[in-house]
Amino acid sequence: MEAAEEQAAAAPVAADCAMEEDASAEVPISASGEEEDAAAAAAAAAYSWPELRFDLPPRRVHHFADQFRAPRSSAGNFLKGVKWSPDGSSFLTSSDDNSLRLFYLPEDAYSAAAEHTAAEAAVGAGDSYGASLQVNEGEPVYDFCWYPYMSVSDPATCVFASTSRDHPIHLWDAATGELRCTYRAYDAMDEITAALSISFNSTGSKLFAGYNKSIRVFDVHRPGRDFEEYSLAKGGEGPTGIVSSISFSPQNGMLAVGSYSQTTAVYAESNMEPLYVLHGQLGGVTQVLFSKDGNYLYTGGRKDPYILCWDIRNTVEIVYKLYRSCDTTNQRVQFDIEPCGKHLATGGQDGMVHVYDLQGGQWVTGFQAAADTINGFSFHPYLPLATTSSGHRRFGMEDESEEESSLSGDENCCSVWKFSCSQET
C-alpha cells in the first residue's frame, strides 16, 4: 500500500510512460462497454427496486469517525464527499488529507435480522473496522468517480478515477489500491494541467474531464496524452468559467456541464453540439444531475440555498426550487436521487438531510444526520440504504490536534442509513 501511495504522489508520469511504451500489453478496462450495458439493462429489468418509505425516520446502521482522525491523518482533517460504487458493494470517501478511502459494505448490512443490532452498536466513535483501502493523492482531490459498470467480482472493471491539483487523472484499482494508468492533458506550455471535474460516459468507453472553458475527452482504453478537446466558450454563449460538474443523461445522449460562471450548458454527447444554456443559479454551479428518465435536470450552486429543477424539453423557466441550508458555505453540498427516481435528498450546513418529492417539488421529510455540515449524500444503487459524509474546515484553535480530539462522534463522520420499505410490515 505504501508503494502504491508513493507511486501516485511522487511518480505518476513514470507510470504513464510505462503504459504508453506498451499500450497493447494491458488495457486498463478490458470488458466491452456494449456487452456490459446489455447485461446491466437485463439485470435492472429483472430486479424490483425497493420503494423507500420516508414517513419513518431511517436507522443508522454503521458509523465511521475515528477512521478520519487517525494519527497518520493531517490535523484538522474533514470529509468532502461520498459515493456508492455502482455494484453497491462499497462506498468511497474523499477527505481534506488528500486521501480517498474505500469502505466495503459489511455482510450484516444485507441481513434484515442484524440491522437493529448494528444500529444500536453504531454510537460514539463508530464501527471498529477501518477503511478497506486508502489511496493518497499528492495534492487536494478535486473530484472522483466510479467506472459505471464496476463490479467487485470482475477485477477488470473494479476501478475508480480521481483528479487532484497539479496531477493527471488517475485510474485506481479498487481491489489493490494500485495505480492502473493515467490520462494527461497539457496546456500551451506543454505542462500537465489538472482536471477540475471528471465523469465516465454512460457506456464507460469515454472519460470526460472539465477544465477552464473546455472539456477534454479521453478514450478509456487508451491512457496517456491522447484526447479530444472541445472549447465551451465558442460562440460566446457557453460556460465561461471552470467546469465544476458533469452529468450524463441516462436516456437521450445528452450531457450537462456546470461551471463556476453560474451557468449550466447541455450538449449532445456524440459531437458536443450545444443545445441549451441555463441561467438562474445564484452562485457557481457545483453539481448537475439528470433525473432517472432523463427529462429533468437538477442543478445546485455554491452559497446558493436552492437546487433548481429544469425541464430539458422546455427550458424557458425553472420548474421549481428545492431549499437546502448552504447559503454561507464554500463547500460542495451533494444531492442524489433514489433508484426509483421519485425522491431527491440533499445535505446542508444544518446537519440535516432533506428529502423532496420530485413529482411537484414538495418537501417530504428531514432527519438529523450529523452535528456539522452534511457535504455528501448518496443512495445505495439497489438496497434501501444511503450514506452521508459530514465535516467542514475549523478555524480559531492554536492546537489542531486538540481540536480534532474535541470533536464529537457526530462531527466529521460518515454514516450508513437504512430506510424502511413499503413492502416491509
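## Close-up views of side-chain contacts and a sheet

**View A. Arg 225 counts as partly exposed, at 37% relative accessibility.** On this scale, buried means under 20% relative accessible area, exposed means over 50%, and partly exposed is in between (1.4 Å probe, protein chains only). Before you zoom in further: this is a predicted model, so local features need pLDDT of at least 70 and side-chain atom pairs count only at pLDDT 80 or more, while totals for chains, interfaces and linings use all residues. Residues are numbered from 1 along each chain as its sequence is written, and side-chain values use heavy atoms, with hydrogens and water left out. Now, who does Arg 225 meet in a salt bridge? The partner is Asp 190, at 3.0 Å, N to O. (A salt bridge here is a side-chain nitrogen of Lys or Arg within 4 Å of a carboxyl oxygen of Asp or Glu.) Asp 190 sits in the loop between β10 (179-183) and β11, and Arg 225 in the loop between β13 (214-219) and β14 (228-231), so the contact ties together parts 35 residues apart in sequence. Strands are DSSP runs of E with at least two residues, numbered from the N terminus. Asp 190 is also partly exposed, at 47% relative accessibility. Arg 225 has an aromatic contact as well: it lies over the face of Tyr 186, 3.9 Å from the ring centre. (A charge sits over a ring if NZ of Lys or CZ of Arg is within 6 Å of the ring centre and within 35 degrees of the ring normal.)

**View B. Arg 165 and Glu 139 meet through their side chains in a salt bridge, at 2.7 Å from N to O.** The whole structure has ten salt bridges.

**View C. Arg 101 and Asp 97 form a salt bridge, 2.8 Å from N to O.** Look at the accessibility here: Arg 101 counts as buried at 2%, and Asp 97 counts as buried at 13%.

**View D. Trp 146 and Phe 160 make an edge-to-face aromatic pair, one of the 18 aromatic pairs in the count.** Rings of Phe, Tyr and Trp (its six-membered ring) pair if their centres lie within 6.5 Å; planes under 30 degrees apart are stacked, over 60 edge-to-face, and the rest tilted. For Trp 146 and Phe 160, the centres are 5.6 Å apart and the planes 65 degrees apart. Trp 146 is in strand β7 (residues 141-146) and Phe 160 in strand β8 (residues 159-164), so distant parts of the chain are linked, 14 residues apart. Trp 146 is buried, with a relative accessible area of 8%, and Phe 160 is buried with 0%. Another edge-to-face pair is Tyr 147 with Phe 200, with ring centres 5.5 Å apart and planes at 85 degrees. Tyr 147 lies in the loop between β7 and β8, while Phe 200 is in strand β11 (residues 197-200), so this pair ties together parts 53 residues apart in sequence. Both Tyr 147 and Phe 200 are buried.

**View E. Ring pairs join Phe 54, Phe 367, Phe 377, Phe 379, Trp 417 and Phe 419 into a cluster.** For a charge over a ring, turn to Lys 83, whose charged end sits over the ring of Phe 144, 4.7 Å from its centre.

**View F. Four strands make an open, antiparallel sheet in the order β3-β4-β5-β6.** Which strands stand at the edges? They are β3 (79-84) and β6 (133-136); each has a single partner strand, so one side of each is left without a neighbour in the sheet. From one strand to the next, the twist averages 20 degrees. (Axes are lines fitted to C-alpha atoms, and angles run from 0 to 180 degrees between N-to-C directions.) β3 pairs with strand β4 (residues 90-95) in the antiparallel sense over five bridges; two strands pair if DSSP finds at least two bridges between them. Pick out Val 82 to follow one of these: its bridge partner in β4 is Thr 93.

**View G. The whole structure has zero disulfides.** A disulfide is a pair of cysteine sulfur atoms within 2.5 Å. For Cys 421, the nearest cysteine sulfur is that of Cys 340, 9.0 Å away. Cys 421 counts as buried at 7% relative accessibility, and Cys 181 counts as buried at 2%.
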